[in-house]
Amino acid sequence: MVQYTFYFLSLIAIISAFLVVFSKSPVHSVLYLVTCFFAIAGHFLLLNAQFLAVVHIIVYGGAIMVLFLFVVMMLNLNKESDNQKSSYIKLAAIVASGILLLTIVASIKSFEIGDQMVNPLKGQGSVQSIGKELFSTFLLPFEISSILLFAAIVGTVMLAKKELD
Amino acid sequence: MLDSIQQIPLNYYILLSTVLFSIGVLGVLLRRNAIIIFMCIELMLNAVNLLLVAFSAYSQNSAGQTFVFFVMIIAAAEVAVGLAILVMVYRNVHSVDIEKLQNLKW
């Protein structure tokens, strides 16, 4: 049962990732991207990481999707992209990413622990254990990331303002 | 549910995230629309997130999941700033086609 869920979610993730790259209109790309994110959130649930699954849906399915859709619709990009890259560059891109895939897959072959099963601890991905980790071991990075978010807010406002004087 | 999770080998997760990462690389190299390039970068970040969670479940250590949390923070900040830059580029050039953004080309 879990295996079939894994295959189903993987299939959805890979197909929608392909459709992100190959669909003509950017709005469709955003929607396929959200489908892919939901499939990955399902994988997180399958890996017993409930907190991350919920945060993933909130951050990616909520915030980032809205941001992308807002920009796509504001810039009125929902027309088919007029001229594509030349076919040589397309071929080079496909070959390059294929070689990357091949290299990593070939290196997995020599990976010793790969045949073992994933086996999460009970309650490993719960809010309690993540919070305990976050506020003890990773307290300083956690606080610094709040500064980073603040810097991002200020930078975005400064960039998006029409006139700087 | 917990007993049945052990049916999935670690290799499958590595393979899945490798495929997703390669699709992201393909999109960055193939497309000319800067917004779609951003989406493909998000795809790559998510592939790495999935790999981190899988290894965290494998090694039974919560630290990996905390890392995923930080990656999500960085991704959110990156998308906000990047899209603001794109809006400004569009305001100046009236296009987000990366072939037309060559003012810095030597």
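How closely do the axes of α1(A) and α2(A) come, and at roughly what angle do they cross? In this predicted model, local features need pLDDT of at least 70 and side-chain atom pairs count only at pLDDT 80 or more, while totals for chains, interfaces and linings use all residues. Residues are numbered from 1 along each chain as its sequence is written, and chains are lettered from A and ligands numbered from 1 in the order in which they are written.

Two packed helices are described by the angle between their axes and the distance between the axes. The axes of α1(A) and α2(A) come within 8 Å and cross at roughly 155°; axes here are lines fitted to C-alpha atoms over the stretch in contact, with angles running from 0 to 180 degrees between N-to-C directions. The pair is therefore roughly antiparallel, the word for angles over 145 degrees. Helices themselves are DSSP runs (H or I, at least four residues), numbered from the N terminus. Among the residues of α1(A) that meet α2(A) are Phe6(A), Leu9(A) and Ile12(A), and the α2(A) side includes Tyr32(A), Leu33(A) and Gly42(A). Contact means that the C-beta atoms of two residues, placed from the backbone, lie within 7 Å. By class, this helix contact has 14 nonpolar, 6 polar and no charged residues; Ala, Val, Leu, Ile, Met, Phe, Trp, Tyr, Cys and Pro count as nonpolar, Asp, Glu, Lys and Arg as charged, and the others, Gly among them, as polar.

Gly42(A) and His56(A) are 14 residues apart in sequence, and their C-alpha atoms are 9.9 Å apart in space. In the loop between α2 and α3 of chain A sits Asn48(A), also buried, with 24 such neighbours. The phi of Asn48(A) is near 65°, a positive value in a residue other than glycine.

Now to chain B. His94(B), in the segment after α3 (63–93) of chain B, has a positive phi as well, near 60°. Is His94(B) buried or exposed? With 10 other C-beta atoms within 10 Å, His94(B) is exposed.

The contact between the two chains takes 73 residues from chain A and 62 residues from chain B. On the chain A side, elements giving two or more residues include α1 (2–22) and α2 (26–46). The residues of that side divide into 52 nonpolar, 16 polar and 5 charged.

Technical notes:
Angles under 35 degrees count as roughly parallel, over 145 as roughly antiparallel, 65 to 115 as roughly perpendicular and the rest as oblique. A residue is buried if 20 or more other C-beta atoms lie within 10 Å of its own, exposed if 12 or fewer, and partly exposed in between; C-beta atoms are placed from the backbone.
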